[in-house]
Amino acid sequence: MATLQAIKYSRGKLLVLDQLRLPHENHYDEVSTAKEAFDCIRSMRVRGAPAIAIVAALAHAVELHNGDCTATEPEEVIAHIEKRLDYLKESRPTAVDLSNAITLLKLATRAANLEGLAHPEAKEAILNTYIQTAEEILAKDLHNNTSIGSHGAAWLQQQYNASSEKPISVLTHCNTGSLATSGHGTALGIIRTLHSEGLLKHAYCTETRPYNQGSRLTSFELVFEGIPSTLITDSMAGALFNLHRERMNIGAVIVGADRVVRNGDTANKIGTYQLAVLARHHGVKFVVAAPTTSIDLETENGSAIEIEERKREELTQISGAIVNDDGTVDTSKTARVAIADQRIGVWNPAFDVTPHELIDAIVTERGTVVKGADGKFDFSQVLPERLASVAARQL
């Protein structure tokens, strides 16, 4: 099945799909520096926790490949790399994939084998180590996403005894597909796998205000791939469950994650929490799809997650292509319009935190984690080394 590509990369060149122009225009920006990557991430031309980490890592790889680093001494080269990575980390602070990728890149760079190398060769070894590690992050993400799709589809099939004669419907929020990752996607990856295996009756996607990732991006991906789907506003989810759950066999809300902490509390796009509450009330499973790179075992619970707040205009203004009098869309013309009194006060958090008590399963590339008899998530089966390391440091 053909899928969209948010990221196109070859050594020395990075192209990033400008998602602010979707669904009406496919335009790729060339991103050649950390500064350009920061702007691309901050402005949300690229978004989605995995994609953010990949773009940050690869953009710096491109500038290193193209001679950005003028330092010669190994420690100076490493210091240059780490300074650029620290700068990139501030572009979207809530998404843990970015900080995990930066930690990995720093460790790999410092572990570069420099034995017996003079300064020019030592510098080259450090740069090559960084570039190879960044490229591995890209390759691994695609593999992880297909695994998440398989694990999630299998778990839901077991929960509902789903089959081609008895397919299930699901609801998803925000955008968690190829546009948010290197390909296939996390939550939308599970939906893709359900569809390919004949287990999906229908996919519903929320508009996802205020940035409309659901209406602009997820609906675009679903239509692009021929998946039976319907767009609803965020405020329609309760009515959907109440009126159509039985007829459409709605079995799950499937969402992605920007950060999952040790107890399972999950930070995701604003509006996720209310969907979890509605799902619990209506007996619908609530599933988080997240690669292990999105799991933060250092943070004990969701109260410690930093929540990014964005500018007021995202709530009070909107941009889009012009619709002609005959109903056709003119993609060559766009307009920005005010949809609220510009004097009104605005609170615009980008994320909310869903308590682990409302989550039924967390699907990773290493398997599906469910709560034990004590009502708690145990990540020891999917992250034994990291969990042991955290526990040891706390002794």
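User: Where does Ala6 lie relative to β1?

Analyst: In this predicted model, Ala6 sits in the segment before β1, which spans 7–10.

User: What makes Ala6 count as buried?

Analyst: Its relative accessibility is 1%. Buried means under 20%, so Ala6 qualifies.

User: Which residues are in contact with Ala6, leaving aside its neighbours within four places in sequence?

Analyst: Ala6 touches Leu15, Val16, Leu17, Gln19, Tyr28, Ser178, Leu179 and Thr181. Leu179 is 173 residues away along the chain, yet the C-alpha atoms of Ala6 and Leu179 are 4.8 Å apart.

User: How many disulfides does a search of the whole structure find?

Analyst: The search finds 0 disulfides.

User: Why are Cys40 and Cys69 called buried?

Analyst: Cys40 has a relative accessible area of 0%, and Cys69 has 5% relative accessibility. The cut-off is under 20%, so Cys40 is buried and Cys69 is buried.

User: How do α5 and α6 pack?

Analyst: Helix α5 (residues 119–160) and helix α6 (residues 187–196) pack at about 65°, and their axes are 8 Å apart. Their crossing is right-handed.

User: Which residues of α5 and α6 meet?

Analyst: From α5 come Ile148, Gly149, Ser150, Gly152, Ala153 and Leu156; they meet Gly189, Ile190, Thr193 and Leu194 of α6. The residues of this contact divide into 5 nonpolar, 5 polar and no charged.

How values were computed: Residues numbered from 1 in each chain as written. Predicted model: local features only at pLDDT ≥ 70, side-chain atom pairs only at ≥ 80, totals over all residues. Heavy atoms only, no water. Disulfide = S-S within 2.5 Å. Buried < 20%, exposed > 50% of the residue type's maximum accessible area, 1.4 Å probe, protein only. Axes fitted to C-alpha atoms, helices over the stretch in contact; angles between N-to-C directions. Helix = DSSP H or I, 4+ residues; strand = E, 2+ residues; numbered from the N terminus. Left-handed = near helix turned anticlockwise from the far one by under 90°. Contact = heavy atoms within 4.5 Å. Nonpolar A, V, L, I, M, F, W, Y, C, P; charged D, E, K, R; others polar.
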